[in-house]
Amino acid sequence: MKRIGVFLSANADLPISFQRAAQELGEWIGHTGRTLVYGGSNRGLMDVIGRAVRENGGHTVGVVPQILFDKGWVADVLDETFATHDLTDRKVQLIRQSDVLVALPGGIGTLDELFTAIGIAAIGLEAKPVVLYNVEGCWDSLLRLVGDLAAHNLLRANMQKPFAVANTFEELTAILERN
């Protein structure tokens, strides 16, 4: 596992714990000689993780939709850039370019990417390991929802636990080292 795809927020003014999580993961990716595959924005947690990877010797791959180019929101730390037409193309390319996928705190875009990855895996296409990094319990509501869906038999047996969950940085790196 060399290419770690990360779904995360591009919003500013997020809790320091979320910023620290992105920083730590970026440092780990860099120090261990891995590659970050992410949305390639120079905003929010995306900026934090991209800079941390580069500052620690890692490689960065940005999968960037045209709208980010138009707004001038493309990170300046990208070693490789995959330009995409839109957000739909972006998430498909991000999944394809990654060996494992990690969801850090994020909003609607992160959820969209996360559920696309899980949906693709559910039907047997492009199945990649997916890890939720549950920083400060940010994914607790999602975990309850998935549990409720399973309790109502709305999930296939292979999707009862569609992702691994890491509640600490040590748990996250242990999972990533196993994949």
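A residue counts as exposed when its relative accessible area is over 50%, as buried when that value is under 20%, and as partly exposed in between. Keep that scale in mind as we walk through this predicted model.

Let's start with the charged pairs. Side chains of opposite charge can pair when their charged atoms come close. The structure holds four salt bridges. In one of them, Arg51 and Asp76 meet at 2.9 Å, N to O. Arg51 sits in helix α2 (residues 44-55) and Asp76 in the loop between α3 (66-71) and β4 (80-84), so this bridge ties together parts that are 25 residues apart in sequence. Asp76 has 59% relative accessibility, so it is exposed, while Arg51, at 30%, is partly exposed.

Another bridge joins Arg54 to Asp79, at 3.5 Å from N to O. Here too, helix α2 is linked to the loop between α3 and β4, across 25 residues. Arg54 is partly exposed at 35%, and Asp79 is partly exposed at 34%.

Next, look at Asp112 and Lys91, whose side chains meet at 2.8 Å, N to O. Asp112 belongs to helix α5 (residues 108-122) and Lys91 to helix α4 (residues 87-96), so the pair connects parts 21 residues apart in sequence. Asp112 is partly exposed at 36%, whereas Lys91 is buried at 10%. Shared partners also join Asp47, Arg51 and Asp76 into one salt-bridge network.

Finally, turn to helices α1 (residues 16-31) and α7 (residues 169-178), whose axes come within 11 Å and cross at roughly 35 degrees. The crossing is right-handed. Glu24, Leu25 and Trp28 of α1 meet α7 residues including Phe169, Leu172 and Leu176.

Methods:
Residues are numbered from 1 along each chain as its sequence is written. This is a predicted model: local features need pLDDT of at least 70, side-chain atom pairs count only at pLDDT 80 or more; totals for chains, interfaces and linings use all residues. Side-chain values use heavy atoms; hydrogens and water are left out. Axes are lines fitted to C-alpha atoms, for helices over the stretch in contact, and angles run from 0 to 180 degrees between N-to-C directions. Helices (H or I, at least four residues) and strands (E, at least two) are DSSP runs, numbered from the N terminus. A crossing is left-handed if the near helix is turned anticlockwise from the far one by less than a right angle, and right-handed if clockwise. Contact means heavy atoms within 4.5 Å. Buried means under 20% relative accessible area, exposed over 50%, partly exposed in between (1.4 Å probe, protein chains only).
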